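Visitor: I would like to learn how to read a model like this one. Please show me the structure, then take me through its features.

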Amino acid sequence: MTRPRNDNFLRALLRQPTDYTPIWLMRQAGRYLPEYCETRRRAGSFLALCKSPSLACEVTMQPLARYDLDAAILFSDILTIPDAMGLGLSFSEGEGPRFERPLREEWAIRDLAVPDPYDHLRYVTDAVAEIRRALDNSVPLIGFSGSPYTLACYMVEGGSSTEFRHIKRMLYARPDLLHHILSINADAVTAYLNAQVESGAQALMIFDSWGGNLSQAAYREFSLAYLRQILAGLIRERDGERIPVIVFTKGGGLWLEDIADSGCDAIGLDWAIELSEARRRVGERVALQGNLDPAVLFAPSDVVASEARKVLDSYGRGDSGHVFNLGHGISQHTPPESVTALVESVHAYSRSLRQKKT
Ligand code: CP3
């Protein structure tokens, strides 16, 4: 594998020195960009956009054309796996994802099978290969998946939820059934992420967006245990290059030590935790990614710049181990100019901090 010309993102994840702090944004290709809305309109729907490798490639490249970002992320969704399992995914405007056949009955759960990523999810591996060609070794490409528990939340609830009534009931009343789902999901995620690596992904991120809704004991048993299993089964080196893996448990600030021990290379952080505290707690074990509140981007550019400097100051001295990002996905209401201000100030200020040191 040829190393990208700008490899600062990979270097930071491996805690190697960089000249500045690399930055990319969760959901960097999305509805805040008018060109994304235009391509989605041409595709007909969000899911059709995900399922067309050439259109998925087109929208992956859009934020890189506008901003000096240090990584690209595959344009897709975490719900491709349950869709490939036959749960019947659709997205309705303004309502988010919905499954036609949520997993509620024991027979349906027992019937669940691991999809072959090169068959049912071929559009994803094809998109990865096409994006790598389009990137032409400029910046690294991140592949991703949802965590087994986060996927299970959508599969059991049948869509987005605030209460998580169905999955929590299953967790306490029929833990055997939930463990069965999680074990199939873990095998599916491992095969899916490995197929992305074989197709050209140079780093991986696992989104555990709902792990934070669990108690500490339940987090360890129903989310972390399966993350560990996946991390043990992933391809971690290809053509002599390490494939770093980032684990992002939203609301996981209380469990950083546990996550740092899971076998990941980096932890994604939401904005609730101070980076300095996170760094003190994980020490040299893993790199950190995050963690600006995405709502900062609604403020004027000078505020965006000063809030970005606070995040960099909180991480503190040293020239490695931090990838700048938001603490969650960028909002569709974000003014695109705010992102220009953010990327410029992260690059400029982090460079100046490194110069000050010497
Ligand atoms: O980061 C990127 O740019 C890559 C693309 C990406 C998307 N979804 C595109 C998307 C990634 C990494 C995801 C992950 C994802 N999807 C997560 C984990 C991250 C998180 O936000 O916690 C989750 C929970 C999902 C499931 C999902 N997909 C929901 C709940 C929704 C609806 C929410 C909304 O904003 O409408 C989606 C849709 C979705 N996924 C959009 C995009 C750009 C918006 C859909 C559209 O264009 O209409």
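Visitor: What should I know before starting?

Guide: This is a predicted model: local features need pLDDT of at least 70, side-chain atom pairs count only at pLDDT 80 or more, and totals for chains, interfaces and linings use all residues. Residues are numbered from 1 along each chain as its sequence is written, and side-chain values use heavy atoms, with hydrogens and water left out.

Visitor: How do I read a strand?

Guide: In a regular strand, side chains alternate between the two faces of the sheet. Helices (H or I, at least four residues) and strands (E, at least two) are DSSP runs, numbered from the N terminus. Buried means under 20% relative accessible area, exposed means over 50%, and partly exposed lies in between (1.4 Å probe, protein chains only). Take strand E5, residues 203–208: six of its six residues are buried.

Visitor: Which residues of E5 sit on each side?

Guide: Ala203, Met205 and Phe207 are on one side, and Leu204, Ile206 and Asp208 are on the other. Both faces of E5 are covered.

Visitor: Which strands does E5 pair with?

Guide: Two strands pair if DSSP finds at least two bridges between them. E5 runs parallel to strand E4 (residues 141–146), joined by five bridges. Here Gly143 stands opposite Leu204, and Ser145 has Ile206 as its bridge partner. E5 also runs parallel to E8, again through five bridges. In that pairing, Phe207 stands opposite Phe248.

Visitor: Why is E4 described as largely enclosed by the rest of the structure?

Guide: Because six of its six residues are buried. Leu141, Gly143 and Ser145 cover one side of E4, with Ile142, Phe144 and Gly146 on the other. E4 also pairs with strand E1 (residues 72–73), in parallel, by two bridges. Ile73 stands opposite Ile142 there.

Visitor: Now the rings. How is a pair described?

Guide: A pair of aromatic rings is described by the distance of the centres and the angle of the planes. Rings of Phe, Tyr and Trp (its six-membered ring) pair if their centres lie within 6.5 Å; planes under 30 degrees apart count as stacked, over 60 as edge-to-face and the rest as tilted. This structure holds seven aromatic pairs. Phe46 and Phe91 have ring centres 4.7 Å apart and planes at 80°, so the pair is edge-to-face. Phe46 lies in helix H3 (residues 46–51) and Phe91 in strand E2, so the pair ties together parts 45 residues apart in sequence.

Visitor: Are Phe46 and Phe91 buried or partly exposed?

Guide: Phe46 counts as buried, at 15% relative accessibility. Phe91 is partly exposed, with a relative accessible area of 29%.

Visitor: What does a stacked pair look like here?

Guide: Look at Tyr219 and Trp255: 4.3 Å centre to centre, with 20° between the planes. Tyr219 lies in helix H11 (residues 216–233), and Trp255 in the loop between strand E8 (245–249) and helix H12 (256–260), so the pair ties together parts 36 residues apart in sequence. Tyr219 is buried, with a relative accessible area of 0%. Trp255 is buried too, at 5%.

Visitor: Which residue lies over the face of Tyr315?

Guide: A charge sits over a ring if NZ of Lys or CZ of Arg is within 6 Å of the ring centre and within 35 degrees of the ring normal. Arg279 lies over Tyr315, at 4.0 Å from the ring centre.

Visitor: How do I read a pocket?

Guide: On a 1 Å grid over the protein atoms alone, a cavity is a set of points where a 1.4 Å probe fits but cannot get out; a pocket is an open set with protein on both sides within 12 Å along at least five of seven lines, and lining residues have an atom within 4 Å of a point. Grid points are joined across faces, edges and corners, and a volume is the space filled by probe spheres set on the points. The largest pocket has a volume of about 1300 Å³. Its lining has 40 residues, with Arg27, Arg31, Phe46, Asp77 and Phe91 nearest the centre.

Visitor: Which element gives the most to that lining?

Guide: H2, with three residues.

Visitor: And the second largest pocket?

Guide: About 250 Å³ of space lies there. It is lined by 18 residues, and Gly316, Arg317, Gly318, Leu353 and Arg354 are the closest to its centre. H15 supplies the largest share of that lining, five residues.

Visitor: Last, is Asp111 buried or exposed?

Guide: Asp111 is exposed, with a relative accessible area of 58%. It is found in helix H6 (residues 106–111).
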